[in-house]
Amino acid sequence: MRNDTVEALIAFEGIRRTKARYQYLLDTKQWDEWASLFTEDFRWETQGGVVVEGREKFVEMTRTYIDKVSTVHQVHAPVLDLLSPTTASGIWPMFDYVELEEGAAQGYGYYHETYRLEGGEWKLTTQFLSRIRMDNVEALRAGTEVVFSPLDVMIAATRALPGLA
């Protein structure tokens, strides 16, 4: 499939919007909206061999793990390929910060993903998370102040923007 057509560029923008919503909805803990970004048969896997089959199981696992902690997830400069008019793949360099009860960590790596067009929306069908580095950042906390905006403030600010609610 050619990746330099207007149709491909439109598809890539739809996938980028899906991934941007993925990051934002995950960090603001909007679980129902976040779940809508995945196909029902979604499959998640890590380089450590952990596999989760199904959208509901994946969302519940993620929610259980990070619902009550501060997180920051960022992705950058994807490599996207349109495989057919309704399927695509992508690799996203990623950074995340997770502040757990037992300590904070930040990680660097890649999301390796596939997507399917369903009902006019691009949804994630598979995700493989590979990490190339994980840092325990507890040592960085001494003498620094960490400030996170309350989630309701971030959500309200987004809903106030036209077209982004």
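Where is the place of V79: in which strand? Select V79 and you land in strand β4; strands (E, at least two residues) and helices (H or I, at least four) are DSSP runs numbered from the N terminus. V79 is exposed, at 52% relative accessible area, where exposed means over 50%, buried under 20% and partly exposed in between (1.4 Å probe, protein chains only).

A quick word on the ground rules: this is a predicted model, where local features need pLDDT of at least 70, side-chain atom pairs count only at pLDDT 80 or more, and totals for chains, interfaces and linings use all residues. Residues are numbered from 1 along each chain as its sequence is written, and side-chain values use heavy atoms, leaving out hydrogens and water.

Of the 165 residues, 39% are buried.

Next, pick Y22, W34, F38, F58 and Y115. In the largest nonpolar core, which has 31 residues, these touch the most other members; such a core is a set of buried Ala, Val, Leu, Ile, Met, Phe, Trp, Tyr and Cys residues joined through side-chain atoms within 4.5 Å. Helix α1 gives this core its largest share, seven residues.

Last stop: stay on Y115 and show its contacts (heavy atoms within 4.5 Å). Leaving aside residues up to four places away in sequence, Y115 touches several residues, including I15, L80, W92 and W122.
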